[in-house]
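Subject: Two-chain model, handover and notes

Hello,

The structure you asked for is below. My notes on its domains and interfaces follow.

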Amino acid sequence: MARFYLENGKVAAFIGHLQQQKTVYAPHRKGRNAFAFAPVDRPQDVVLDYPRTVSSIKRYFLPPREELLSFNLVENTCEQPVVAPLDAVFLGVHSYDVHAVLKLDHNFVSGNPERNYLTRRQGALIVGVGFTPDRFHFSGSVGVPAGDTTGCDLFLHPCEGGYALEALTPDGEGLVAGFPLPAHTAGLPAAAPFHQHIYVPQAKLKDVLAHGYDSEVWEEEAEKCTSCGTCNLVCPTCYCFDVEDAVDITVTRGSRERRWDGCLLRSFTEVAGGEVFREEPAARQRHRVFRKFKYISDETGEPWCVGCGRCTASCTAGISIVSIVNRLVNDHDAVKA
Amino acid sequence: MTKRELITPAATKDLYLPVMAEITDVRSMTPLEKLFEIRLPGGAELGHRPGQFVEVSLFGVGEAPISISSSPTRKGAFELGIRKVGMLTEMIHRMQPGERIGIRGPFGSGFDMAKFKGRDVLVVAGGIGLVPLRSLINYVLDNRGDFGRLIICYGSKSDADLLFEDERRLWERDPRVEFHLTVDRGSPGWQGRTGVITTLIPGLDLDLPNTLACVCGPPVMYRFVLLALKSKRLPEENIYMSLERRMKCGVGKCGHCQINGSYVCQDGPVYHYPDIKALREAL
């Protein structure tokens, strides 16, 4: 498909062109050093060159809090809220976050397909953007180079003086239509290198993890872990949720809400009567890492971590998922050697 | 990568919407446990297998997984044996016939009764583990000709905690049932057997390859029952067990019930032992 040249001076006008078609969500600066996706008001506020957003675009398809039912306590009846489709373009999404959405798609399509997620996700178009890996990114080790266009409708490859805008789907071409741009004829610049790597190819990770089930690394890392669950909150592929009822102040109405939950929290596996099935922080650490590199991979053949580095960048105790995995790799290879 | 055309709500069901069902009978079993008879709108059948569970909810209080205690052979209503352990079950315990509660399900694997045809059935129930296994017991009794011996080993903390008193007395008298009962600690005057549930197993006379064991009880029980069954030389592939976890959504989405990579609400709560033997978090 076509490739256009979008010079820096035209980016704001292009965003304006997108805004005429759909609601546009894009990264904005928040405070001094943080970035977050938000609906675009003024195109000039959009930041396309950023290290990572605090949370991914997951929150637009699987909101942190969401009403599953609203009920009338007087009549003892309930109904499901009507979920509005998102007629939106997500602009400036890094490749690993697009991959994360594709993984969430798998989770919400498989088994029992879920209406709320799929309704929001269905009409969403994605405009990816290349990024320069910082010291936390490692998506190259889990199959996502910095310029990977998988799952995007359009992709902005950073190049001299602007972007090579690549149209990848008919929907993507439709977004560009009516905005005159010259063709981009030069080749694409090579994707930027990563500074962090998992030492083995992704296909081997399942074996490495299986071998490391009883590794001392879980205990050692758990000693630092405060079980705050931040790693779960910022993870773009975590989708576990809790469900709680809330009653309004008149005690006549209320709602059943789902909220993001995290497997690092002690209460996650607690059942009535007080039994907790992953009581030790080490067991919870292991569960999270196994979820990312083994359990779901056993079914899908892909790691369920996209290498965004958020869990490590925001860990309050300095725990690094790459260090854990590489430690397991070393242990595994030491036995083999 | 999921195909674009699959990302559509077109084929989705009402995953989280309960049906409002009526409580038609409430029987107190112990100070902590009550048996609720529940009727779906229009007397519709729940359509469950023994070993499955439903999500029970009260608006404004919450929702919890509860195993189904009645056999699908008993039509028109189903029964839930509910222990009072938290806010939701406390509120349910206060409910009377005629009141309505939310039901979703049935969910989970349950026992595949076709695999039990012609086999001897050994039920090992510890405490409240009898609640789901009663569904299986009554299924066997209602289709008695389809199965071999029915051996029930039931262990409880004390004689005051024993469940399903009327039925227990029937099973004790029924010549088609071999019923063994023990309590960990009997109260003064307790005439029956004392000791943990595993003490019932060595004395059983089992037709080994033909016997299928179904185990359910508190988490601590499984390892010891397995050891006892192994020392009887019961093959592993003859063992089924129902496990408790936090099945919050029931539809394989919320993540709470996972044992390693297995979703209990989808693959369990009834597991064939060889399938979970390698799951380190299972037992």
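How many salt bridges are counted between domain 1 of chain B and domain 2 of chain B? The count is two, where a salt bridge is a side-chain nitrogen of Lys or Arg within 4 Å of a carboxyl oxygen of Asp or Glu. Glu79(B) and Arg134(B) form a salt bridge, with 2.7 Å between the closest N and O atoms.

Some conventions before the rest. This is a predicted model, in which local features need pLDDT of at least 70 and side-chain atom pairs count only at pLDDT 80 or more, while totals for chains, interfaces and linings use all residues. Residues are numbered from 1 along each chain as its sequence is written, chains are lettered from A and ligands numbered from 1 in the order in which they are written, and side-chain values use heavy atoms, with hydrogens and water left out.

Chain B, overall

Chain B has six helices and 15 strands; these are DSSP runs numbered from the N terminus, helices being H or I of at least four residues and strands E of at least two. A compact globule of 283 residues would have a radius of gyration near 19 Å, and the 19 Å of chain B agrees with that. The radius is taken over C-alpha atoms, and the globule rule is 2.2 Å times the number of residues to the power 0.38. Along the principal axes, the C-alpha atoms of chain B fill a box of roughly 60 × 45 × 35 Å.

Chain B, between its domains

Domain 1 of chain B covers 15-107 and domain 2 covers 113-242, with bounds from an automatic or database domain assignment. Their centres, taken over C-alpha atoms, are 24 Å apart. In the contact (heavy atoms within 4.5 Å), 19 residues of domain 1 of chain B meet 17 residues of domain 2 of chain B. The two domains of chain B bury about 1400 Å² between them, and carbon and sulfur atoms give 55% of this. Buried area here is the accessible area (1.4 Å probe) that two parts lose on being put together, summed over both. Pro50(B), Ser69(B) and Arg74(B) supply 32% of the area that domain 1 of chain B buries against domain 2 of chain B, more than any other three residues.

The rule also finds nine residue pairs in polar contact across this interface, both residues at pLDDT 80 or more. A polar contact is a pair of N or O atoms within 3.5 Å; within protein, one must be able to donate a hydrogen and the other to accept it, and residues adjacent in sequence count only if both atoms are side-chain atoms. On the side of domain 1 of chain B that touches domain 2 of chain B, β2 (33-39) and β5 (78-83) each supply at least two residues. β5(B) gives the most to that side, with three residues. The residues of that side divide into five nonpolar, nine polar and five charged. In this division, Ala, Val, Leu, Ile, Met, Phe, Trp, Tyr, Cys and Pro count as nonpolar, Asp, Glu, Lys and Arg as charged, and the others, Gly among them, as polar.

Chain B against chain A

Here 42 residues of chain B are in contact with 57 residues of chain A. The chains bury about 4300 Å² between them, 53% of it on carbon and sulfur atoms. On the chain B side, Tyr16(B), Phe59(B) and Lys253(B) lose the most area to chain A, together 17% of what that side buries. Seven salt bridges are counted between the chains. Arg246(B) and Asp242(A) form a salt bridge, their closest N and O atoms being 3.0 Å apart. β3 (53-58) and β4 (62-67) of chain B each supply at least two residues of the side that touches chain A.

Chain A, between its domains

Chain A is divided into domain 1 (3-176) and domain 2 (202-336), and their C-alpha centres lie 24 Å apart. Domain 1 of chain A brings 39 residues to the contact and domain 2 of chain A brings 38. About 3300 Å² is buried between them, 60% of it on carbon and sulfur atoms. The rule finds five salt bridges across this interface. The side chains of Arg65(A) and Glu257(A) meet in a salt bridge at 2.9 Å, N to O.

Regards
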